[in-house]
Amino acid sequence: MASAGVVAAAVVVAALAAFCATDPLRLGSMVDFPGFEAHPVELPDAAEMPPHADAGERLRGAEIRFRGEVQGPESVAFDPRGRGPYTGVADGRVLVWDGARWAYFAHASPAWTADRCGGPKASPTEYLRDEHVCGRALGIRFDKRTGDLYIADAYFGLSKVGPEGGLATPLATEAEGVRFNFTNDLDLDADGNVYFTDSSVLYQRRHFMQLVFSGDASGRLLKYNPQTKETTVLHRNLQFPNGVSLSKDGSFFVFCEGSRGRLSRYWLKGEKAGTVDLFAILPGFPDNVRTNDKGEFWVAIHCRRSAYARLLSHRVQLRKFLLSLPIPAKYHYLMQIGGNLHALIIKYSPEGEVLDILEDTKGQVVRAVSEVEEKDGKLWIGSVLMPFIAVFDYAKESG
Ligand SMILES: *[C@@H]1O[C@H](CO)[C@@H](O)[C@H](O)[C@H]1NC(C)=O
């Protein structure tokens, strides 16, 4: 096994030589975080993965919509009257499709100005540079009773805006005196309690690669109570907690553990209330999860786990050494995802059984998926990195 480590090191050094330490995306490297810690990541056994993949590469049949009109639309939602989609984009705004064009709907940053934040910009990097000022809405959900939109903004915490939109009102920016540094996703129960994630206390979204590589375990699962206006910590020491989605009957919600690649279940009702158990093991790094009308869960998996990721998960010293080299985060990332962006979405039953897998293993049409929102038999697929939304006609395709 030591030789495997040497091979990995050689490959990384070769990548370094080839790319001459350029950093076109300006994603930084671990050199920007002297004294960082690397943590072991407990990955599930390869044998426990869902056995079959999508040989038909059905995701390639998705239709690419709004190309160039939406930059990095991570989360997709429809309001209680069925209008939309709404989505959060790279310049910090939440936009709404009004049937003819994308229009401004809301934003969470009080410092948002068209001058600094507005687009279009030359490259996605330009957005990344300013997003701690402009905001980045990663998780959006409507309260079906009131029509209010709840926003998990990576930099501005949990906030809420009325059905008319505009600047959102902050609800929570810290818990137990510790500020959120990477608010990521949310869902609401029937009483209006909000369950949400802070992916890390130490790393912001613009440093998400550093968060992934370090295996940082400062993520928290949180609850905001609208009656008391208090935020409590439900679960802590999580490695990149991300998507959150309630079960149809409201007895539990699932949340994605990004680094460990699994879905966990937090029980809200019954004997197990307040406890967490394993819901499903995922073959890669999940982003958001959404529940459909039947109570099934769609999980968007950003990418499959590569042999490299598996190799380094436990070799903390080797990982720390590789990370401490002046290698741009981008190249660690390419190793982590196995060389190319691709797409994988999985549907789970309310009990956690795999019901369907859709893939585009080469990323020919769809890449780096962030969320799957099912509406009227269609899958609306967002991506935090892509300039489009993919729409897959699932009802038609599955007969
Ligand atoms: C939040 O993250 C940034 C880096 O992404 C870091 O510099 C900062 O110290 C973090 N905040 C806290 C309180 O640790």
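Two strands count as paired if DSSP finds at least two bridges between them. Helices (H or I, at least four residues) and strands (E, at least two residues) are DSSP runs, numbered from the N terminus.

The model shown here is predicted, so local features need pLDDT of at least 70 and side-chain atom pairs count only at pLDDT 80 or more, while totals for chains, interfaces and linings use all residues. Residues are numbered from 1 along each chain as its sequence is written, and side-chain values use heavy atoms, with hydrogens and water left out.

**View 1. Strand β15 pairs with β14 and with β16.**
Begin with β15, which covers residues 219-225. Five of its seven residues are buried, where buried means under 20% relative accessible area, exposed means over 50%, and partly exposed is in between (1.4 Å probe, protein chains only). Strand β14 (residues 194-198) runs antiparallel to β15, and five bridges join the two. One place to look is Asp198, whose bridge partner in β15 is Arg220. Six bridges join β15 to β16 (residues 230-238), again in an antiparallel arrangement. Here Leu222 has Val233 in β16 as its bridge partner. β15 and β16 form a hairpin with four residues between them, and Lys229 in the turn has a positive phi of about 60°. As background, strands of a sheet pair through backbone hydrogen bonds, either parallel or antiparallel.

**View 2. Asn193 sits in the loop between β13 and β14.**
Is Asn193 buried or exposed? Asn193 is buried, because its relative accessible area is 10%. Leaving aside neighbours within four places in sequence, Asn193 is in contact with Asp187, Leu188, Lys223, Tyr224, Asn225 and Pro226; contact means heavy atoms within 4.5 Å. According to an unreviewed UniProt entry, residues 184-271 carry the annotation "domain: Strictosidine synthase conserved region". UniProt positions are given in the numbering used here, feature names are shortened, and annotations may be inferred rather than shown by experiment. In the model, the span of residues 184-271 is 8% helix and 50% strand, and its end C-alpha atoms lie 29 Å apart.

**View 3. Four strands form an open antiparallel sheet.**
Follow the strands in the order β21-β22-β23-β24. Which strands stand at the edges? They are β21 (284-291) and β24 (354-360); each has a single partner strand, so one side of each is left without a neighbour in the sheet. Neighbouring strands of this sheet are turned by 20° against each other on average, direction ignored. For that angle, axes are lines fitted to C-alpha atoms (for helices over the stretch in contact), and angles run from 0 to 180 degrees between N-to-C directions. Five bridges join β22 (residues 297-304) to β23 (residues 343-348). Look for Ile301, which stands opposite Leu344 in β23.

**View 4. The largest nonpolar core holds 23 residues.**
A nonpolar core is a set of buried Ala, Val, Leu, Ile, Met, Phe, Trp, Tyr and Cys residues joined through side-chain atoms within 4.5 Å. Met30, Phe36, Phe182, Tyr203, Met209 and Phe213 touch the most other members of the largest core. The elements giving two or more residues to this core are α4 (208-214), α6 (316-324) and α7. Of these, α4 gives the most, with four residues. Not counting residues up to four places away in sequence, Met30 touches Phe36, Tyr203, Gln210, Ser214 and Leu323.

**View 5. Helix α7 has five named buried residues: Ala329, Tyr331, His332, Tyr333 and Gln336.**
The helix runs over residues 329-336. Just after α7, Gly338 takes a positive phi of about 80°.

**View 6. A disulfide joins Cys117 to Cys134.**
A disulfide is counted here as a pair of cysteine sulfur atoms within 2.5 Å, and the count comes to one. The S to S distance between Cys117 and Cys134 is 2.1 Å. With -85° about the S-S bond, the link is left-handed. The two cysteines are 17 residues apart, Cys117 in helix α2 (residues 114-117) and Cys134 in helix α3 (residues 124-134). Both Cys117 and Cys134 are buried.
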